[in-house]
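Work through the exercises below with the sequence and the 3D structure in view. Each task is followed by a solution in steps.

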Amino acid sequence: MTVSGIYVYAAFDTSASGAYASVERLTREQWYAGGVMRSLHRYASDAFVAVLGLHLLRELLQGHWRGFRWFSWLTGVPLIWFAYASGIGGYWLVWDQVAQFSIVATAEWLDWLPLGGDAIIRNFLYPIDDRFFSLLIFLHIGIPLLLLATMWLHIQRISHARTMPPRALGLGVLALLLATSIVSPARSHAPADPALLETPLGLDWFYLFVHPVQYWTSPGTLWMLAAGVTLALSLLPVVSRSPRPQVARVDPQFCNGCARCADDCPYAAIVMEPRVGARTGQRLPRVDPDACAACGICAGACPSSTPFRSTEALVTGIDMPQATIQQKRLALERALGGREDAHAVVVFGCERAARLSALDAEAVAIPLICVAMLPPSFVEYALRSGAGAVLVNACPSSECEYRLGAAWMEQRLAARREPHLRASVDPARLAFVRAGAGEEAALRRAFAELRARTATLTAASTPARLRKRRYG
């Protein structure tokens with residue numbers, strides 16, 4: 001949209017009398033470049049609305065207006081208004097019959113409000129002057145800039161935000177838009193004519209559907225619909241307010257200021273600040289309770305979360321009060337304590353993913369708020385404590401409740417992110433799977449495959465174990 005818009009604007013006559021002719025010259029005389037760029041600008045704008053609608057639907061269905069997400073949700077609501085205001089304003093600049101219809105309908109809609117003074121519609125009963133047309137151009141450039149600024153605000157509480165698509169997807173969408181622009185180029189209607197009373201028009205229903213709705217009902221009804229949808233979306237975080245879980249807590253005594261927790265937090269809820277009373281340069285994390293998702297990813301990133309520490313109470317630099325690392329270590333030790341089964345498989349799994357209760361009684365299941373709250377050293381600790389193998393189950397990447405938890409855990413186990421799993425751990429005794437909610441069958445298959453592999457590995461190592469017992 002941006003690149004094609006700049007190209008079109010470079011050849012655009014900004015006067016009311018010359019706008020239509022300049023767009024026609026660009027479209028017809030330079031169809032191979034200017035015409036394609038104009039069409040690309042139109043179809044990319046339509047695609048923008050489609051993506052916006054799908055994104056809103058996805059977030060709505062996943063309940064992403066609750067709790068810590070309220071800020072991102074509320075800052076997203078005005079983006080809908082800005083997107084439509086900038087898109088509809090773009091049609092006015094062509095100043096053909098569609099532009100005339102759209103701007104008159106918008107003026108009649110605004111005139112319904114008791115704004116005082118002369119009716120806005122009077123500006124369009126006669127040919128508009130260049131100064132007013134310059135205002136329309138300013139709005140079409142200014143509103144997208146405001147849209148961009150609000151989008152920046154929209155993702156402020158999201159770290160590592162993915163603002164660019166994968167290359168294959170981006171190139172594929174670009175190719176599709178270009179092909180559409182060539183096969184079905186955008187064309188103007190006849191020039192705007194204030195004396196024209198009625199004529200058939202071909203509308204862009206992605207943006208201009210609001211005008212037929214207004215005439216099928218009334219300007220007041222359209223205002224009530226727009227205000228009602230806006231108010232309903234804005235009030236969702238308030239009317240569905242759910243109890244906030246306890247947020248992460250920092251223990252300065254066990255924190256070395258490494259900043260791994262801040263680096264891995266998906267919601268920028270942890271800020272590193274100078275440590276009071278310490279040497280210059282030493283820092284301590286501070287948790288923003290309004291932004292904290294209570295996912296525990298920070299606890300899994302903390303180097304002091306290793307279960308190998310020889311302390312009766314495992315206290316970490318940052319932890320979740322409702323599900324501490326100490327509680328997970330005790331649960332693992334109790335489950336493995338006294339077991340003679342060398343085939344025992346420990347399953348660490350996200351509570352939002354496939355239900356661990358779907359596994360048979362032979363599984364040692366340890367549920368986690370998010371799979372990334374598990375320090376990788378727990379895998380080695382489980383194997384040294386008697387487990388035959390360890391299965392780590394995460395949400396699919398596109399369904400991760402906490403955005404980056406599954407990705408961070410996979411990278412830690414593959415030694416691509418700190419803290420990483422030590423190379424001494426036998427990879428044959430570890431499996432990482434992504435079985436989401438409702439995919440219990442996939443989790444059971446992965447568990448069965450790992451258990452069978454563990455039995456083979458245990459059988460192969462039995463003679464060596466017996467020799468060690470006899471001569472050791």
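**Exercise 1. Describe how helix H1 and helix H3 cross.**

Solution. The axes of helix H1 (residues 2-10) and helix H3 (residues 31-61) come within 8 Å and cross at roughly 135°. Helices (H or I, at least four residues) and strands (E, at least two) are DSSP runs, numbered from the N terminus. Axes are lines fitted to C-alpha atoms, for helices over the stretch in contact, and angles run from 0 to 180 degrees between N-to-C directions. Next, the class: angles under 35 degrees count as roughly parallel, over 145 as roughly antiparallel, 65 to 115 as roughly perpendicular and the rest as oblique. H1 and H3 are therefore oblique to each other. Last, the hand: the crossing of H1 and H3 is left-handed. A crossing is left-handed if the near helix is turned anticlockwise from the far one by less than a right angle, and right-handed if clockwise.

The model is predicted: local features need pLDDT of at least 70, side-chain atom pairs count only at pLDDT 80 or more, and totals for chains, interfaces and linings use all residues. Residues are numbered from 1 along each chain as its sequence is written, and side-chain values use heavy atoms, with hydrogens and water left out.

**Exercise 2. How many aromatic pairs does the structure hold, and how are the rings of Trp-95 and Phe-133 placed?**

Solution. There are 13 aromatic pairs in the structure. Rings of Phe, Tyr and Trp (its six-membered ring) pair if their centres lie within 6.5 Å; planes under 30 degrees apart count as stacked, over 60 as edge-to-face and the rest as tilted. For Trp-95 and Phe-133 the ring centres are 6.4 Å apart and the planes are at 75°, so this pair is edge-to-face. The pair links distant parts of the chain, 38 residues apart: Trp-95 is in the loop between H4 and helix H5 (97-111), and Phe-133 is in helix H6. Both Trp-95 and Phe-133 are buried; buried means under 20% relative accessible area, exposed over 50%, and partly exposed in between (1.4 Å probe, protein chains only).

**Exercise 3. Classify the pair formed by Phe-378 and Tyr-381, and place it in its cluster.**

Solution. The ring centres of Phe-378 and Tyr-381 lie 6.5 Å apart with planes at 55°, so the pair is tilted. Phe-378 and Tyr-381 are separated by about one helical turn, being 3 residues apart in helix H13 (residues 377-384). Phe-378 and Tyr-381 are both buried. Ring pairs link Phe-308, Phe-348, Phe-378 and Tyr-381 into a cluster.

**Exercise 4. Which rings have the charged end of Arg-157 or Arg-417 over them?**

Solution. A charge sits over a ring if NZ of Lys or CZ of Arg is within 6 Å of the ring centre and within 35 degrees of the ring normal. The charged end of Arg-157 sits over the ring of Phe-71, 4.7 Å from its centre. For Arg-417, the ring is that of Trp-408, with the charged end 3.6 Å from its centre.

**Exercise 5. Describe the backbone at Trp-95, His-160 and Pro-419.**

Solution. Most residues other than glycine have a negative phi, and most peptide bonds are trans. Trp-95, not a glycine, has a positive phi of about 55°. Trp-95 is buried, with a relative accessible area of 14%. His-160 also has a positive phi, near 55°. His-160 lies in the loop between H6 and helix H7 (167-183) and counts as partly exposed at 41% relative accessibility. The peptide bond from Glu-418 to Pro-419 is cis, with omega near -10°. Pro-419 is in the loop between helix H14 (405-413) and strand S8 (430-434).
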